Amino acid sequence: MKECPIVEDLLPLYHEGLLKPETTEWVEEHLKSCPSCSALASISSEPILEDKIEPVVDHEKMMAKVTSKLTLYQLIFVGISFFLAIRTVIANENFGFILPYFILGLVIYLFYRTYRLVMLIAFLPVFLWFLGTMLYSIFQQTDPNNSVSMMIFDSLYGSFLMAGIHLLFAILGATVGLLFIKLKESGDV
Ligand SMILES: [Zn+2]
């Protein structure tokens, strides 16, 4: 029938009850006389009913998807943090890390809205990387005048300090992110 494509287009609105009474009447009139459209109407109304009966399943599925996506992003951020830490050590740029870590903290905060992750991602990779390189250089040295335990302590202290400085700028970035979000929210209201 000529009206079929029009009825097809109107079916979603018809199921949602968004059509004007006259249009609804017209669609119903057509459905009575057209077997193919009435079959389509009964099929297309089913997913909506399913959604209403089992919303929990869909919600859980969606959350699982979101969580795995977030985990992927976390891995990427950890990777970036490691890369930046390595770059700092190799290039020996004393203050080259400030801007990258500021931006890293800002981006992580905008994504996750939590300081905990900023701290974890900005601190831990730097700490481990510095500690690793420092310990490695200890075992390269064979100076008997240096006590190994003292050097290990120095390495721990030095790594902690370096990671702390990196973290400081990441937290500054995160705070800018926090302010940005607050400003945007107050602008929306
Ligand atoms: Zn039809």
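Is Tyr-115 buried, partly exposed or exposed? With a relative accessible area of 26%, Tyr-115 is partly exposed; here buried means under 20% relative accessible area, exposed means over 50%, and partly exposed lies in between, with a 1.4 Å probe and protein chains only. The model is a predicted one, in which local features need pLDDT of at least 70 and side-chain atom pairs count only at pLDDT 80 or more, while totals for chains, interfaces and linings use all residues. Residues are numbered from 1 along each chain as its sequence is written, and side-chain values use heavy atoms, with hydrogens and water left out.

The description may begin with the zinc ion. Its protein donors are Cys-4 (SG), His-30 (NE2), Cys-34 (SG) and Cys-37 (SG), at 2.1 to 2.3 Å from the ion. Donors are N, O and S atoms within 2.8 Å of the metal (3.2 Å for Na, K and Ca), and since water is not among the atoms, sites may look incomplete. The arrangement is tetrahedral because the 4 donor atoms subtend angles of 99 to 114° around the zinc ion; for four donors, that term requires all angles to lie between 85 and 135 degrees. Along the chain, the donors follow the spacing C-x25-H-x3-C-x2-C. Cys-4 belongs to helix α1 (residues 4–16) and His-30 to helix α2 (residues 21–33), so this pair ties together parts that lie 26 residues apart in sequence. Helices are DSSP runs of H or I with at least four residues, numbered from the N terminus. Cys-4 is buried at 11% relative accessibility, and Cys-37 is buried with a relative accessible area of 2%. The whole structure contains 0 disulfides, a disulfide being a pair of cysteine sulfur atoms within 2.5 Å.

A search of the whole structure finds 5 aromatic pairs. Among them, Tyr-109 and Tyr-115 form a tilted pair, 5.2 Å centre to centre with 50° between the planes. Rings of Phe, Tyr and Trp (its six-membered ring) pair if their centres lie within 6.5 Å; planes under 30 degrees apart count as stacked, over 60 as edge-to-face and the rest as tilted. Tyr-109 is buried, with a relative accessible area of 7%. Phe-127 and Phe-160 form an edge-to-face pair, 6.4 Å centre to centre with 85° between the planes. This pair links distant parts of the chain, with Phe-127 in helix α6 (residues 115–140) and Phe-160 in helix α7 (residues 148–188), 33 residues apart. Phe-127 is buried at a relative accessible area of 15%, whereas Phe-160 counts as exposed at 53%.

Finally, Arg-113 is located in the loop between α5 and α6. Most residues other than glycine have a negative phi. Phi of Arg-113, however, is positive, near 55°.

Note on methods. Helix = DSSP H or I, 4+ residues; strand = E, 2+ residues; numbered from the N terminus. Tetrahedral: all angles 85-135°; square planar, octahedral: opposite > 155°, others 65-115°.
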